[in-house]
Amino acid sequence: MRVRVDYDLCEANAVCAGLVPQVFEVDDDDNLFILVDEVPAGLTAQVRHAVQSCPKLALSLEDEPGDPAGT
């Protein structure tokens with residue numbers, strides 16, 4: 001599973017980074033960075049929650065082919 005960011009919508013308010021700092025980072029210039037290419041299995045639920053918590057709906061998840069939905 002991968003996280004996608006719509007940078008046109010993202011305001012870098014850091015809700016995601018506050019919830020899962022292992023995956024999301026907002027720098028001093030208010031730029032959002034995704035720190036991993038693939039979401040680690042142990043963080044899947046937390047990342048899903050962070051995506052759903054984005055106030056601007058700028059985050060989405062992309063399941064990889066062969067990756068069962070809901071993992």
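## A walk through the predicted chain

Of the 71 residues of the protein chain, 27% count as buried, where buried means under 20% relative accessible area, exposed means over 50%, and partly exposed lies in between (1.4 Å probe, protein chains only). This is a predicted model, in which local features need pLDDT of at least 70 and side-chain atom pairs count only at pLDDT 80 or more, while totals for chains, interfaces and linings use all residues. Residues are numbered from 1 along each chain as its sequence is written, and side-chain values use heavy atoms, with hydrogens and water left out.

The protein chain contains two helices and four strands, taken as DSSP runs numbered from the N terminus (helices are H or I with at least four residues, strands are E with at least two). Their order along the sequence is β-α-β-β-α-β. Among contacts in the protein chain with a separation of 6 or more, 56% are between residues 24 or more positions apart; a contact here means heavy atoms within 4.5 Å.

Leaving aside residues up to four places away in sequence, Val20 touches Leu43, Gln46, Val47 and Ala50.

Which residues of H2 are buried? They are Thr44, Val47, Ala50 and Val51. These residues lie on the same side of H2 because they cover an arc of only 125 degrees around the axis, the arc being that of the directions from the helix axis to the C-beta atoms. An α-helix has 3.6 residues a turn, so residues three or four places apart point the same way. Ala45 and Gln52, on the other side of H2, are exposed. The buried residues of H2 pack against E1, H1, strand E2 (24–26) and strand E4 (59–62).

In one of them, the side chains of Glu38 and Arg2 meet at 3.0 Å, N to O. Glu38 sits in the loop between strand E3 (32–34) and H2, and Arg2 in strand E1, so the pair ties together parts that are 36 residues apart in sequence. Glu38 is partly exposed at a relative accessible area of 34%, and Arg2 is partly exposed at 27%.

Another salt bridge joins Glu62 and Arg4, whose closest N and O atoms are 3.0 Å apart. With Glu62 in strand E4 and Arg4 in strand E1, this pair links distant parts of the chain, 58 residues apart. Glu62 is partly exposed, with a relative accessible area of 34%, and Arg4 is partly exposed as well, at 35%.

Glu11 and Lys56 also form a salt bridge, with the closest N and O atoms 3.7 Å apart. Glu11 belongs to the loop between E1 and H1, and Lys56 to the loop between H2 and E4, so the pair ties together parts that are 45 residues apart in sequence. Glu11 is exposed at 51% relative accessible area, whereas Lys56 is partly exposed at 35%.

What of the cysteines? A disulfide requires a pair of cysteine sulfur atoms within 2.5 Å, and the count by this rule is zero. For Cys10, the closest cysteine sulfur is that of Cys54 at 6.4 Å, too far for a bond. Cys16 is in no disulfide either, the nearest cysteine sulfur, again in Cys54, being 6.6 Å away. Cys10 is partly exposed at 21% relative accessibility, while Cys16 is buried at 8%.

The last stop is Ala41, in the loop between E3 and H2. Ala41 is exposed, with a relative accessible area of 72%. Ala41 and Met1 are 40 residues apart in sequence, and their C-alpha atoms are 8.8 Å apart in space.

Note on methods:
Salt bridge = Lys/Arg side-chain N within 4 Å of Asp/Glu carboxyl O.
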